[in-house]
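Please open the structure alongside my numbered points and follow them in order.

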Amino acid sequence: MSVQAVKILLVYPPSRTQSHRGCPMGMLMLAAVLEKAGYQVHLLDANAANHRLTTEEIVQIATAMRPDVIGMTLVTPLVREAYRLASALRPCGAKLLAGGPHATLLPDEPLQNGFDAVVVGEGELTIVEAIEAALGRRPMASVPGLVYRGQDGCIQRNAPRPPVADLDSLPAPARHLVKPADFGPPDNADLHAHIFTSRGCPGRCAYCAGALFGKQFRFRSADSVVDEMIAIYRDYGTRHFYFVDDAMTMDRPRTERICRRLIDEQLGFTWNMMTRIDAVDEELLALVARAGCVQIDYGIESGNPDTLKRIHKPHTAEMVRRVVPLTRRYNIRPVGFFILGFPWEDPHATDATLQLMRDLSPYIVFHPAIAAILIPFPGTEIYDRYKDEYGFARWWTSDDRTYDAPQMDTHPFYQTFMYRMGVVLDADFFHYTRDRKAKIYEVFRFMYASNWRHRNYFLRTAALLTLDLSRKLDAVSPRLEHALFKIPLKLWQTIGRLRATEPRESRPTLQPAVETARTANRPPVCGMSGCGGIPLSAPEIYVADTEVHN
Ligand code: B12
Ligand code: SF4
């Protein structure tokens, strides 16, 4: 069979609870490599916000399509569904290839759950050889980075594939494979907003499996990044971008070069980035603001010095107190991520975090994300150290994992509500005491109160009191709570559904957006996924580009 006749189906497996409006970058980067090699490539993202697919639907499509190889991305929260899907796909006769963060961290596991082979680490340099090997056209043993079962049934782990040294040499993501209507309304600015400009992180944070792309920071040239932004704008009209690098500013000269070109060519793009508190200073903030940066996501994590040290964060609470207001001074929205519930913390330790939040609250938007209560992902120091003590080894394969969406019928209103905002309040890997749970709730309540501070006073107070009432009633009688809150919950969900179908606020015009905003005496808008262009002066809550479902 010629390469052109080989049909590859790339699948992002279903999630019961989440969907996204941005297209899956990893899959599109692999698709680009495969198309360049001549294969026929198809993409199925089961979590595309407007066209979510169940396992059964994917099987139906695959059965009709009859691909030769199916490649699947595995992320830890979705592996149970992915393994179920792999078993259901076996009768299609396609070879099943796994890759992605979870497969990289635990390459043997997918082989025990229906996959034929696993690509460890970055896929671009391995995927073509892996497909050829899966089709029996070259020996499995000849493919670095591949894990598979040998003829004796034993798992074979080939030597690792070195990471991609020259990121500029990779083809641009195959964005044309995405059907925009699947991911949101026609004005969905998130669709092509994500850009990956570097790989690797030298950090060693105890809760992060940073091993995926290695510790060595590698980056694309400034020209390649800006050229991609221009190409995306030309092809899709995208003007707001989100650099999804782990720490965008780690190579300062490169960041400066990107900014200079954006400024010199007056491209008028706006953008968000994630970076570390210790990787910015005033001069850099001034520059990125001029180049269109409207939001920086900082992983602050804690206000407790002992915790910051134990999780190996390179910043101190004092640095955070300096950098966050400074960021706001340059008209950039600082967004703060925190993690609550470290096993060594008591309620008193959490008070230090709450105090830091209070100090930052005039400037910051808090991001009460799904991982805001510590989730021990595999491959992290936290997981390895505490899995036996707290009995959560391999929680991702268990039916009673404490990391899932609250169900309307079983969970109280306040938990369901907070989940809609991104928090899994009953994530309880570390068996929290009542006091600690109460303290965690207090912190989230504070985050909401702070994020809502520009809203109508009465509505804000009513929302907070409703949450408190639900929580108190639930402690006394869950049945009574459920009976009382059933109607408001339904109402709130219906409003949510109606609002989700409304078109979102339009994006900045092609004029240099930040400058235009300033001259027009209105703040630049943030186009980041989910936040829908909220003025910088009115902080809001959003959950990256993830949408959550009950
Ligand atoms: C942007 C992002 C998101 C976005 C978009 C995700 C998406 N659909 O693409 C949003 C906000 C939706 C998101 C959500 C979540 N994310 Co996220 N996210 C990222 C981030 C920052 C970048 C992802 C990306 O685009 N990478 C760039 C591409 C090139 O890399 P890649 O996708 O991994 O693909 C490469 C390889 O993995 C491999 N590969 C991947 N798939 C396959 C398949 C085959 C067949 C082969 C051969 C190879 C292969 O080849 C690719 C090219 O080299 C990463 C961090 C990171 N540095 O990657 C975290 C990361 C992927 N997220 C993570 C997590 C935990 C989550 C959440 C669970 C958070 C939460 N608590 O809810 C949710 C899960 C959502 C879901 N339903 O899947 C973890 C996953 C860890 C793990 N053990 O699985 C990561 C690694 C962050 C971290 N360091 O902990 N995320
Ligand atoms: S949390 Fe961020 S800084 Fe820390 S290791 Fe992970 S990617 Fe690096």
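**Notes on the model**

1. Let's start with Asn-331, which sits in the loop between helix H12 (317-329) and strand E15 (333-338). Helices (H or I, at least four residues) and strands (E, at least two) are DSSP runs numbered from the N terminus. Though not a glycine, Asn-331 has a positive phi of about 65 degrees. Asn-331 counts as partly exposed because it has 17 C-beta neighbours inside 10 Å. For reference, 20 or more other C-beta atoms within 10 Å of a residue's own make it buried, 12 or fewer exposed, and anything in between partly exposed, with C-beta atoms placed from the backbone.

2. A word on conventions. This is a predicted model, in which local features need pLDDT of at least 70 and side-chain atom pairs count only at pLDDT 80 or more, while totals for chains, interfaces and linings use all residues. Residues are numbered from 1 along each chain as its sequence is written, and chains are lettered from A and ligands numbered from 1 in the order in which they are written.

3. On confidence, pLDDT (the predictor's confidence in each residue, from 0 to 100) averages 87 for the protein, and 88% of the residues score at least 70. Over residues 504-550, pLDDT stays under 50. Where pLDDT is low, the predicted coordinates should not be read in detail.

4. Glu-301 also has a positive phi, of about 70 degrees, although it is not a glycine. Glu-301 belongs to strand E14 (residues 293-301), and it counts as buried because it has 25 C-beta neighbours inside 10 Å.

5. Now the sheet: six strands form an open sheet in the order E9-E12-E13-E14-E15-E16, with parallel pairing (two strands pair if DSSP finds at least two bridges between them). Strands E9 (194-195) and E16 (365-367) are at the edges with a single partner strand each, so one side of each has no neighbour in the sheet.

6. Take a look at E12 (residues 240-243), which is joined to the parallel strand E13 (residues 270-275) by four bridges. Tyr-242 has Asn-272 as its bridge partner in E13, and Phe-243 has Met-273. Phe-243 also stands opposite Ile-195. Which way do the side chains of E12 point? His-240 and Tyr-242 point one way, Phe-241 and Phe-243 the other, and all are buried.

How values were computed. Contact = placed C-beta atoms within 7 Å.
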